[in-house]
Amino acid sequence: DSNICRAAVHDGRLGWWNLKSSRIVHIQRNPGVFSYLGSIRNSIRSESYGVLRYKYGCYRFTNPRIAEKMVDLTILTRPVLYTSMDTAIIECHQEAQEKDLQLTCGIHANSTRQLLGESMIEVPRPRFEVKLLPTTEWNRTAAYFCALKNSLMSQVLTVLMRTDAYFVPKAITQTVSIGSQNVILSVSTQFALPGNPVIQWYKDGDILSTRIGHQLVIPEVQLGHAGVYSIVYSSDDARLDKSALLRLIVRACVENKFGPTCGQRCPVCLNGGICHDMTGECVCPPGFYGLACEKSCDFNRFGRNCTARCSDKDLADGCAGALLCLPDPFGCTCAAGFTGLNCNSYCQSGHYGAGCSQVCGSCSGGSPCDRFSGICSRGCEPGWKGPRCTITLPRLRVPPTLLEATSESLSIAWVAWDPATDPGDGHAVAYYIQYKERGKLDWKQESFPGHVLHGSFNYTIKSLNPETDYHIRVAVIDQSGIIAKDNAPIANFSTVCESPLEFPRGLKTDNAHPHELVISWKVPPLMSWRCREITYTIRYRRKGEDGWRRVTDLVEPHFTIESPPFTLWIFQLRSENLAGASNWSAEIKSKTGQDAPGPVTSLQAVEVASASFEMLWQEPSTVNGLIAHYEIKVDLVEILSCKHLNLSSTSTTRKEITIFHTNATGLSIKISGLKPYTRYNVSVTPWTVVPGQLTSKIIVTLPHVPTVSPHNLRVWYSYETELGFIWSAPHCEEINGQLIAYMCVLEGLDAWVKDGEHRYIVEHKTTSVEGNLTADGLIWIKLLKPYSNYFLMVYSGTSIGFSQISSNISARTKASVPPPPANLTLYGKTWTSISFLWAPPYPPHGELEFFHVFIDPCPGVLNPPCDVRVGTQTSLCSHPLRRGLHCFTWSNLTPNTTYNLWVTAKNLDVKSLSDPSEHLSIETFENSDFFFVPGPPLYIRYKNIDLETIWIRWGAPLISEGAILHYRVNYTVMEVISNDSQVEFRQSLQIASDKHDWRLRNLIPEMRYKISVEAHTSAGYGEAVWIEAVTQLPRRVAGSLNTDASDQQYTNSSNPFLKNDNPYHFHGYPDDKLDDNGEDQEFGHITEKESDSTVFMIGIVGTVASILILFILVILILYLIKRNL
């Protein structure tokens, strides 16, 4: 228990449990070393010392370190970053074959200041999996360990940290070798630090004096640097249990060395394995095993024999979130395929293995490797092999050498692949000789067996191109059958040159140009060149000429001989290179072509019209060959109509546009379909095999009448008797001449202005009418009728005539004061009323608004004259024979009095009234001599109809107003010509007053008749009632020829004279006798206005009767009063 022995155990030089270890330790003074860095190793803590006094100095152990057997012990931790709600689980997995060793677990001594001392948990045997379940809420931040008792190299450490720690380490553990330079331990900040933060580092629980921030840099690593480091944020509320923990592992030997004295070279450890500094074994990362860690476990498995599992079920994510820690010098890492502090992130593409620390090999096509094992499932890139494509194939270090070069072959030699001197791993069983021309992409290859491990080989590559550069390489075929071709060394050799084997073939001549002969040929096959480059020599002469002309060193496969037209030439060709020349080709003969002819002569135009002309010419004086045809082209130069109008801004003036292009074999051609009054350029070009010189002539077609009318015709102004119109010139391209004038034709559309056409000739002249508005034509037309519709047609005109079509517009003059109403006529009077009618103003001069009806003297107490305003619609007469007239009745008049009547009219939007109509003087009846005409018959119906007879029946008037003297029956044939058709009575019959039926005989079969009946007293004829009947079977109601009269009669009890100011008149029967179309069924028809008035008339009759009775009573009373007086 001495300090020297404890120091030896601390440094791994002595173990009291290890019987093979020395019982004696040897030390040696280290001169020049006066400081020591303390650490915790093998459960023993050593202190750090500063500068020592010289007499003590510093010593080191010289006997070898203990080399014990490596144990298969793994700690599984999940999660590494815990919360207060998490149950942190630490599982110690011990290999079953080491069950005789006692397993101890606990908290690593001095890993935090709050947990001092070493806490050990004895685990009863045979227990090979231990779970540590720290239960305190937040004080679990520490380094935990599992170790086999009395074993120097079995201790495994893991850590737990809070999720709310200010810092987290970049890596939980970091393994370096003694003497490593500039090792960096770093952490990152999880949260923003408040205030002015002070960061403090600790090692094995001891504070480091230097404040070094987020990184701790160790310039040169010593064994004493190994330990558990922590970093905290120093403030009033700083807590060590919120620190970040990370562990530095230091191998006791320098890089790639191991052994008790560090004298042996480490093997190559694959897939992230670490060479043990004492035993030299590869400590394989979780998920890999084998002497060099070359084998991989299935997912969810780890351990030396892949027997340990992260979870009960072997799933791909079974090891997600698990930190796996192994004995030193490996440390801690995530399982294969996972990364991150909590080991729950997948490897990024291109990485695999424990903690995703390994880079994928050269997988085929850049495909990713398996993130667990690193295996390339799609194979390797060329030059690589192995399941992870990390092993290079054997290849030659030196390129082949040239033995001999000919025009068609290259002989090469190379030294056999030697594993001692050439790169790559494997065994050479054969070779591929690969070659390609310079600049080509594809390699050609030939195989060559090569079983000899030492010596050299020769090979001749044949069928090559002469004087050609080649790239040649020799690829080694591995025993696996894979070839490393792309990285084989390349040599560049060239073949030599010989005389060409062939002269040029496929000779052609081009005699299209009359002054030269172009000779072309095909390039001979490349193999016939027998050289890299080839040239050509041509010799030629005219027919009958002695001696050859020669041109050499032609590079392009064509040659041009300058020659007069129609000259015959003889020529030969051969190929040449640096080594010699080929034979001459056979003689070839060819003649140059024809030349262009001269211009035609006597070009002229005949029979020039407005749309056509004919061109004549003579042959060229210089033909230079056979004339094949004449090319005729007609270009439109200028439309002269547009030039005269100067309408470049509103019309398209086409210039130099080809409108006709053809070929002619004769000496004339007729050209039609042209525009009148247009300048054309006609050109004629003679052709042999090429065009000759062009001859042209300007031709102007004759003018014609325009084909279009003016456009934008519009009304300029409108007055009562005047109309003004303006318009723009037509598009100039269709005027067909010089626009001179316009013809305006005005027609009246209303009946009162239909007096024929009025023609006006207007000069074409551009005029400003108002503001920026301009017009090319305008016209004022006066002496028109007010409020009349007119139709204007405007034609364009040239010197030839006017256009066939016109621009049209309708216009109406403004309204004016109407003429006086006409034909003021009396049609009825009583002792207290006068009924009269009149015709509306004609022509109307506007839209009638109302009439003023005047009377003098005024009825009653009014001052004369009196007038009343009468509407134009309400005053219309309702009787069909008075259609279009206006009726009015003055009532409450004085009996036996003469009244003057007249009427004025007013138009809408016109202030003044018309002049008064002619005056009408009427005297009312005296009280005792007034009478009324009788009312209409009570009803009318037909009793029977056959082909030539209609039997009608009617009822006596309800109001007879006196004795009925007789009835008048009128009938006529109804032939509807238009809506205003005239009815012409054929016959009127007078029937005795006691008769109420009549047969109309000798009628026309299948003809419609209108039949009316009216009563006659001494006062005159009353209103008529009428029906229509057809002398044939009814079309809609069969079997109705003999109809009961009770079903057909119409009762009329109304006053037949007055309805307001209009005489009331019947046309037939009520609406309930009409069908859906308003036509009569059996009794004729009645207008809607008259049907609605029937009920109103009944009221009038009652009112009139009451007035009459009252009037009689008043007269009687006055008579009695006068008599009494």
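Two strands pair if DSSP finds at least two bridges between them, and strands themselves are DSSP runs of E, at least two residues long, numbered from the N terminus. Keep that handy for this tour of a predicted model, where local features need pLDDT of at least 70, side-chain atom pairs count only at pLDDT 80 or more, and totals for chains, interfaces and linings use all residues. Residues are numbered from 1 along each chain as its sequence is written, and side-chain values use heavy atoms, with hydrogens and water left out.

Now zoom in on strand 60 (residues 723-728), which pairs with strand 59 over 5 bridges. Click Tyr 717 and you'll find its bridge partner, Gly 724, in strand 60.

**Stop two: disulfides.** A disulfide here is a pair of cysteine sulfur atoms within 2.5 Å, and the count comes to 17. Pick Cys 363 and Cys 376, with S to S at 1.9 Å. The torsion about their S-S bond is about -60°, so this disulfide is left-handed. Both cysteines sit in the loop between strand 34 (358-359) and strand 35 (384-385), 13 residues apart. Is Cys 363 buried or exposed? Cys 363 is buried (under 20% relative accessible area, where exposed is over 50% and partly exposed is in between, 1.4 Å probe, protein chains only), at 3%.

**Last stop: a caution.** Select residues 1034-1099, where pLDDT (the predictor's confidence in each residue, from 0 to 100) stays under 50. Where pLDDT is low, the predicted coordinates should not be read in detail.

Notes:
Contact = heavy atoms within 4.5 Å. Helix = DSSP H or I, 4+ residues; strand = E, 2+ residues; numbered from the N terminus.
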